[in-house]
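Below is a report on one protein chain, written for a reader who is new to protein structure. Please look at the sequence and the model first.

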Amino acid sequence: MTDKPSLDILLCAPRGFCAGVDRAIQIVDLALKKYGAPVYVRHEIVHNKFVVDGLRAKGAIFVEELEEIPEGTEAPVIFSAHGVAKSVPAEAKHRNMFFLDATCPLVTKVHVEAQRHAEEGHDIVLIGHRGHPEVIGTMGQLPPGKITLIETVADAEAFAPRDPNNLALVTQTTLSVDDTSAMVMVLKSRFPNIAVPAKEDICYATTNRQEAVKAVAPRVDAMIVVGAPNSSNSMRLVEVGERAGCRVSVLVQRAADIDWDQFGDISSLGITAGASAPESLVEEVIEAFAERFSVNVEIAVTAEENIAFNIPRVLRQLEEASGH
């Protein structure tokens, strides 16, 4: 039997599920237990195919719009962790739907900030990615034209507001900390009176996972981010790994997606996971490498996380009974 080459795996901590994702998945699980199948979920509850498929197998039905849900249904309708425009709950009420909101509380915080600034008469600048569900939800908190989206430094440099002295800034929660900082610097230098959040809108989990990758990436030959291609925070982790000097920084959804040609001559590997990727998929990737290498796993801890968010009151009794 040939000896396997040795491989040192540095496992980023924190990684994987954040409190907002954990809460959203719990809401779907508990709704299925309390009300039975089906439970309708508007948009993917979180951006991870494995998670979505698992909930679908339990009886969740995923739709993109409320109009796909049968008229007169008594089944619960759940809004995803990314948040929704104000028009969505308004339509649900109009159709007498029973709905549960799984929006991450940190996204809700951004919605509240945007509304407060608008009430104070500010025009809102939102840093984010066009078409992302979170951005659609945040822009949908206010009337059309009240929020301007900035995606790049070039956008920030070209932005021509109606009143340069009456602006307020909010951001998508899952962005690259470094990219966002660059755009904020441009906006602040051009519009010194712009109101910015006391603390970055980028959520603690996004920041922590990026900092962990920055610490690990320079120490390894390759970096794997377990996550989905439509997950903003996962894609940012790949970029952070590249920028931190790791020559191979790639996204994989599952072990089956690994392109082994990229990992033939490595002796060290960093592994992390986006905020919507379950730990079981990380373990699956480690096991795949253990079949080909003699692995030594070390956990690289850069922060401790002990945040948890309350679930809706209507489900809380069931949660307590299940021992969460």
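## Surroundings of Thr-138

Thr-138 touches Val-110, His-111, Leu-126 and Ile-147, leaving aside residues up to four places away in sequence; contact means heavy atoms within 4.5 Å. The side chains of Thr-138 and His-111 are also joined by a polar contact of 3.4 Å. A polar contact is a pair of N or O atoms within 3.5 Å; within protein, one must be able to donate a hydrogen and the other to accept it, and residues adjacent in sequence count only if both atoms are side-chain atoms.

Thr-138 counts as buried because its relative accessibility is 1%. Buried means under 20% relative accessible area, exposed over 50%, and partly exposed in between, with a 1.4 Å probe and protein chains only. Thr-138 belongs to helix H5 (residues 133-139). Helices (H or I, at least four residues) and strands (E, at least two) are DSSP runs, numbered from the N terminus.

## Basis of the model

This is a predicted model, in which local features need pLDDT of at least 70 and side-chain atom pairs count only at pLDDT 80 or more, while totals for chains, interfaces and linings use all residues. Residues are numbered from 1 along each chain as its sequence is written, and side-chain values use heavy atoms, with hydrogens and water left out.

## Strands S6 and S7

Strand S6 (residues 123-127) pairs with strand S7 (residues 147-150) in the parallel sense, over four bridges. Two strands pair if DSSP finds at least two bridges between them. Ile-127 stands opposite Ile-150 in S7. From S6 the chain passes through H5 to S7, and this β-α-β crossover is right-handed. A crossover is right-handed if, with the strands pointing away from the viewer, the path from the first strand over the helix to the second runs clockwise.

Gly-121 is in the loop between helix H4 (105-119) and S6. With a relative accessible area of 29%, Gly-121 is partly exposed. Lys-146 and Asn-166 are touched by Gly-121, not counting residues up to four places away in sequence. Gly-121 and Asn-166 are 45 residues apart along the chain, and their C-alpha atoms are separated by 7.5 Å.

How many of the five residues of strand S9 (residues 222-226) are buried? Five of the five are, so S9 is largely enclosed by the rest of the structure. In a regular strand the side chains alternate between the two faces of the sheet. Ala-222, Ile-224 and Val-226 point one way from S9, while Met-223 and Val-225 point the other way.

S9 pairs in the parallel sense with strand S10 (residues 248-252) over five bridges. Val-226 has Val-252 as its bridge partner in S10. The chain goes from S9 through helix H9 (residues 232-243) to S10 in a right-handed β-α-β crossover. S9 also pairs in the parallel sense with strand S11 (residues 268-273), over five bridges. In S11, Ala-273 is the bridge partner of Val-226.

## A four-stranded sheet

An open sheet of four strands has the order S3-S2-S4-S5, with parallel pairing. Strand S3 (60-63) and strand S5 (99-101) are at the edges with a single partner strand each, so one side of each has no neighbour in the sheet. On average, neighbouring strands of this sheet are turned by 25 degrees against each other, direction ignored. Strand S2 (residues 39-42) is joined to S3 by four bridges, and Val-39 has Ala-60 as its bridge partner in S3.

Helix H1 (residues 19-35) lies across S2, S3, strand S4 (77-79) and S5, and runs at about 155 degrees to S5. Axes are lines fitted to C-alpha atoms, for helices over the stretch in contact, and angles run from 0 to 180 degrees between N-to-C directions.

H1 packs with helix H2 (residues 49-58) at an angle of about 10 degrees, with their axes 10 Å apart. H1 and H2 are therefore roughly parallel to each other, a term for angles under 35 degrees. In this packing, Ile-25, Val-28, Asp-29 and Leu-32 of H1 meet Val-51, Leu-55 and Lys-58 of H2.

## Backbone exceptions

Most residues other than glycine have a negative phi, and most peptide bonds are trans. A cis peptide bond joins Ala-13 and Pro-14, with omega about 5 degrees. The bond from Ala-37 to Pro-38 is also cis, with omega near 0 degrees.

His-43 is not a glycine but has a positive phi of about 70 degrees. His-43 is buried, at a relative accessible area of 14%. Asn-96 has a positive phi of about 55 degrees, and with 69% relative accessibility Asn-96 counts as exposed.

Key. Angles under 35 degrees count as roughly parallel, over 145 as roughly antiparallel, 65 to 115 as roughly perpendicular and the rest as oblique.
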